[in-house]
Amino acid sequence: MKGTIDQGAVLRALSAVLPATGAPIALHEPLFSGNERAYLNECVDTGWVSSAGAFVQRFEGMLEDYTGVRRAVAVVNGTSALHIGLKLSGVGAGDEVIAPALTFVATANAVSYCGAIPHFADSSANTLGIDPAKLNDHLKDIAVKGLGGVMNRLTGRPLKAVIAMHAFGHPVDIDPLLDVCGRFGIPLVEDAAQSLGSFYKGRHTGNFGLVAALSFNGNKIATTGGGGALLTNDERLADKARHLTTTARLAHGWLIGHDAIGYNYRMPNVNAALGCAQMERLPEILERKRSLALRYCAAFDGVKGVRLFLEPAFARSNYWLNTLILDSGHEAVRDALIELTRSSGIMTRPAWTLMHRLTMYKDCPRMDLKAAEGLEQRIINLPSGPALGETRANA
Ligand SMILES: *Cc1c(COP(=O)(O)O)cnc(C)c1O
């Protein structure tokens, strides 16, 4: 144990960055500073509020332009985007899908919705995302080629996908991960729910997997109230996703027919209207978030035993949730620091409880999770709403 953490110093560092209004400071709040109200009014005035309307297509076009991914399909939330993405990657009942233990529960739930079983993987302390080298070693140990493709020799189940989740907006090290996936013949799916505006070696996250999922929940980098999008560079998959998420309805002027058990997952126009306004302001939102991260970084510079997690060298991150990492040996201070800051009106929180500790996932296959288990005890998320940061325009 290297000294002790001065809890007062942590609180002072936070207070130096955050506004002193006396009001509680939320972990994350959306910023509506553009055309949100005008576009919502347009929906109400024209009556186009539901599953048809011009904003949905416009929103998809904006996502395609911004991310550089060929096709975006807007859906009701990020979980449904991931569900359909996994299904279109070939994941079905009785399959196994590699997913990080350190993630929000929706990653594992989407696997379960396919009737498949999540297989939990460890994280890298450099990215907080899946560790490609450790995954490679694990797969060397358990993966065998079978008639149905690559199998887990311990469970006899096909390994159908690897999900990479870009934690708190920081991209995983994608190139070595793609090498591992290629070596074993398992497709990569990106859970990019937290990484809109985050780039890996200059390319937007979501470009690397067979499919990727974005989320526009209220606490994400940009919001549509509730919403999500499936991204893919494969036109054929995009067409299938569009079809499956709109009840698999057959194109016809007036006949109502369907050729599969589809889903009612299409994003409504009102949500997309909000999304269009948010996408117009995304550069400003990102500038604010990065300026906030910079100020946190400076404020914690002299505070012993803690550091702000910074984007890896290959990444440009959106800093969706700023993350304080306690040095190892200081795990016991986490809860006290969270209690102290919250009682001072600063809404901090720990990382998600690791998936293999949740009752419904406790018996799932997993690799050694030492790094994720270490990180879980040492992560504190800090208030990160874009309104807390600055733009060049109003700094
Ligand atoms: C938010 C989130 C999701 C799900 O998005 P919803 O829009 O809330 O369904 C999935 N995965 C991760 C990692 C998330 O953070």
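1. A crossing of two helices is left-handed if the near helix is turned anticlockwise from the far one by less than a right angle, and right-handed if clockwise. The crossing of α2 and α9 is right-handed. Helices here are DSSP runs (H or I, at least four residues), as are strands (E, at least two), and both are numbered from the N terminus.

2. This is a predicted model, in which local features need pLDDT of at least 70 and side-chain atom pairs count only at pLDDT 80 or more, while totals for chains, interfaces and linings use all residues. Residues are numbered from 1 along each chain as its sequence is written, and side-chain values use heavy atoms, with hydrogens and water left out.

3. Start with α2 (residues 36-46) and α9. Their axes come within 8 Å and cross at roughly 155°. α2 is therefore roughly antiparallel to α9. Angles over 145 degrees count as roughly antiparallel, under 35 as roughly parallel, 65 to 115 as roughly perpendicular and the rest as oblique. Axes are lines fitted to C-alpha atoms, for helices over the stretch in contact, and angles run from 0 to 180 degrees between N-to-C directions.

4. Which residues meet here? From α2 come E36, Y39, L40 and C43; from α9 come N269, V270, A273, L274, C276, A277, Q278 and E280. Contact means heavy atoms within 4.5 Å. The contact has eight nonpolar, two polar and two charged residues. Ala, Val, Leu, Ile, Met, Phe, Trp, Tyr, Cys and Pro count as nonpolar, Asp, Glu, Lys and Arg as charged, and the others, Gly among them, as polar.

5. Now α4 (residues 78-88) and α5 (residues 105-113). Their axes come within 9 Å and cross at roughly 45°, so the two are oblique to each other. This crossing is right-handed. T79, L82, H83 and L86 of α4 touch A106, T107, A110, V111 and Y113 of α5. Six of these residues are nonpolar, three are polar and none is charged.

6. Helix α10 covers residues 282-299. Its 18 residues reach 26 Å from first C-alpha to last, close to the 26 Å expected at 1.5 Å a residue. Its buried residues include L282, I285, L286 and L292, along with E284, R288 and K289. Buried means under 20% relative accessible area (exposed is over 50%, partly exposed in between; 1.4 Å probe, protein chains only). Among the elements covering them are α1 (7-17), α3 (54-67), α9 (269-280) and β14 (322-326).

7. Check Y296, in α10. Is Y296 buried or exposed? Y296 is buried, with a relative accessible area of 0%. Y296 touches L14, V17, L18, L308, N322, L382 and P383, leaving aside residues up to four places away in sequence.

Terms used:
Expected span 1.5 Å × (residues − 1).
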